[in-house]
Amino acid sequence: MKISINRLKQYISLTETPEEIAALLTRSGLEVEAVEEFISVPGGLEGIVIGEVLTCEKHPDADKLSITTVDIGLETPSQIVCGASNVAAGQKVVVATVGAKLYPTNGEPFEIKKAKIRGQASEGMICAEDEIGIGTSHAGIMVLDTNLPNGTPAKEYFEVSQDYVLEIGLTPNRADAASHLGVARDLKALLQRPICLPSEKDLTKEVTGPSISVEVQDAKDCPRYAGVVVTDLKVGPSPQWLQNFLRSLGLEPINNVVDITNFILHDLGQPLHAFDADKITNGKIIVGKLPKGSSFVTLDEKERKLSGEELMICDSDGGMCIAGIFGGKGSGVSDQTTSIFLESAYFSPDVIRKGSQFHGLKTDASFRFERGTDPNMPVYALKRAVALLQEIAGGKVASELIDVYPNPVQDFVVEVEYAHVNRLIGKKIEPKEVTSILESLDIRVTNETDKGFTAIVKPYRVDVTREADIIEEILRIHGFHQVELSEKLSTDFLADHPMKDLNKLQYRLTEMLAGLGYFELITNSLTKPQYAEKSGFLDPSQNVEIYNKLSEDLGVMRQTLLFSGLEVMSHNINRKQSDLRAFEFGTVYHKSESGYKEGKRLAIFHSGNRSAESWIESAKPFSFADLFSTVERILERLNVEVGSMEVVESAPFAYGLVLKLGEKEIGRLGLVDEKLLKLAEVRQDVWYAELDWDLLTKKASGLKKYQEISKFPEVRRDLSLVIDKSVTYDQVKSVAEKAGGKLLRRIGVFDVYQGDKIDSGKKAYALSFILQDQENTLTDKVIEKTMSKLIEAFQQQVGAVIRS
């Protein structure tokens, strides 16, 4: 939300700098995110003055140039060479003096310098409107009709506005501060200075216009509806001050009628809407709801289907406006409009919020209505708008003021105890200061006693309805910075230890897997009983059967995510989508003697090629390494370290691994057995991993801890080991980590060999070792000692032969 300092000064006397005002507001809860300077004309026309052409003669060496002398308020006139065809003696013109920086409408800024043009001195430039950024015309220099003295700054003639704009990050509870008046109210309390509201002008009917009546069908959705007819309007551009105000807030002026409604919205926080009075059928406005599915064309020329729950402003023919959100195409103000019905209402925040969300429409009006506007503001805002329409657009009041307000919204009544004030704030605040602060916020204090008082809160403060809210108001004006921390901090409430957000963990992993090119599966928990019967690894007696099964194919709850995923693989492969990688978070179910059990699992599927065929390389099918790499990434993201791995060659895998944490199994991964693929009618290899999500989330220890990169260099050493085929890499890695100690940072395998160059039953590993000391640069002696320990450990513990 943007707030103009110049406009704030119309409400309250401000001598503070914009930065000081920003700091005050931020301390009180209205966080100012930025302070920006606004100038209505780029550069502010600095160095540009009003001048008078005294003489004008043709340039002796250029037919299209003229040599002029121009009075710009100095002791001697300035000679300026001008290329405009319309320059002549006696003209009042705009002159950019030497040193001025121009910001043209098109092109880059440039500086005016003394120059010689075809041998003649030129001290300045007589400007066209596009050359100083106030228009687009380049037909010739500007010729002014003014009596201003020569040398007068051009910014005075063009009414250049200079302002500072506060960008406030408005929190949802502070609907009262969504206007210049609302911010001025806070400054009134913070600075203890009065604010000045424009006097309320009675609307006296001047002429007779179109007769408009109003029917509100649901006072709950529209507690207050006010309006008036204004005729004899001349729709056109707004005055410069109004255009500058709107532009400072990032809005583009449209015409004087629409600009006035936008001015009132941002100034007072009260949205208004102007209907072309001549387009209101039968002169009747109905505030109600239209049937679900009704069509309505909004101002952006989009046809929208109504939900039946949004509030509509209608005439006899149908909808004219989605109340408080967006106007209709057919009833808006145009250049031909001469009479309007000006609406000012208080709508229920609930109905506006639902309508805004349903249609995906967020407007300045809905922003305020759905948070709660002031029910006492509509008539005052209407009168302010009509006064401006009379002043700017020549409008005349042509009807009585309509104000449908059957059940006035009451003030909030809140009981407050001083003991609670002092306890929640953390210091004692004198009752006199409490009263002063609240009354400066327009909160009336009554029924005062030694123990407390009653606070009467106006309904525009929708966030102040409880005792704690009143205390918060006292504190933010008194100042959080004035509450000293005691030597012994204490609390009335001890929060529970924060629990892991399982949904967030799942979401983060979903993001990661999607980023790696995986598609997420969501499959049915019901499956075929025959999968368990023919799988070879599932127990049919543990099937959870459905009593009222719709079919035998969906007769039991699944014990694994494998078969539902394979069905998806089959479906895609049969449709020529054979390169697949997918994942699923799903629940599995078992029946045991102790009852029914269910658990969350994460399944990973690979099938086909990991990369498509191209001119760079041939297609590469998925391998075990691809699946294992993804599982490693998942475990690393959850910060879970595998305790041990065991090779498995039983269903559901042709071969694979079991991952364990102690005695508990985290999951299994491998190549799915061909017999199981046939059960699901899959005709190509599938790599599959199923992880115990419940166990993983229980063991997940949050984000990894990072440390500063060491300033000491790493050292790499390589070894080639010949070992028995029965020795796994996991065993080799475990030996290396123990023998290498804290100096061993990483270990890697860059080659594996099995063949006729070594003995049968043997394999060779080529290993790389990265050594690094966090506190010192490694010496040759330390490196050799570490490598000797590694060699000795490999020889003794895994029977390795070191190849040289």
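Predicted model: local features only at pLDDT ≥ 70, side-chain atom pairs only at ≥ 80, totals over all residues.
A residue is called buried here when its relative accessible area is under 20%.

Helix α6 covers residues 256–268. From its first C-alpha to its last, this 13-residue helix reaches 18 Å, close to the 18 Å expected at 1.5 Å a residue. The helix is mostly covered, with 11 of its 13 residues buried; among them are Asn-256, Val-257, Phe-263, Ile-264 and His-266. Both ends of α6 have something to show. Just after the helix, Gly-269 adopts a positive phi of about 80°.

Next comes strand β16, residues 272–276. Because 5 of its 5 residues are buried, β16 is largely enclosed by the rest of the structure. Leu-272, Ala-274 and Asp-276 lie on one side of the strand, His-273 and Phe-275 on the other, and both faces are covered. Strand β23 (residues 340–346) runs antiparallel to β16, and 5 bridges join the two. In this pairing, Leu-272 stands opposite Ser-344 of β23.

A further buried position is found in a loop. Asp-221 sits between β14 (213–216) and β15 (224–231). Its relative accessible area is 10%, so Asp-221 falls under the 20% cut-off and counts as buried. The side chain of Asp-221 makes a polar contact with the side chain of Lys-289, at 3.2 Å. Leaving aside residues up to four places away in sequence, Asp-221 touches Lys-289, Leu-311, Phe-347, Ser-348 and Val-351.

Definitions and conventions
Residues numbered from 1 in each chain as written. Heavy atoms only, no water. Helix = DSSP H or I, 4+ residues; strand = E, 2+ residues; numbered from the N terminus. Expected span 1.5 Å × (residues − 1). Buried < 20%, exposed > 50% of the residue type's maximum accessible area, 1.4 Å probe, protein only. Polar contact = N/O pair within 3.5 Å; in protein donor to acceptor, adjacent residues only side chain to side chain. Contact = heavy atoms within 4.5 Å. Pairing = 2+ DSSP bridges.
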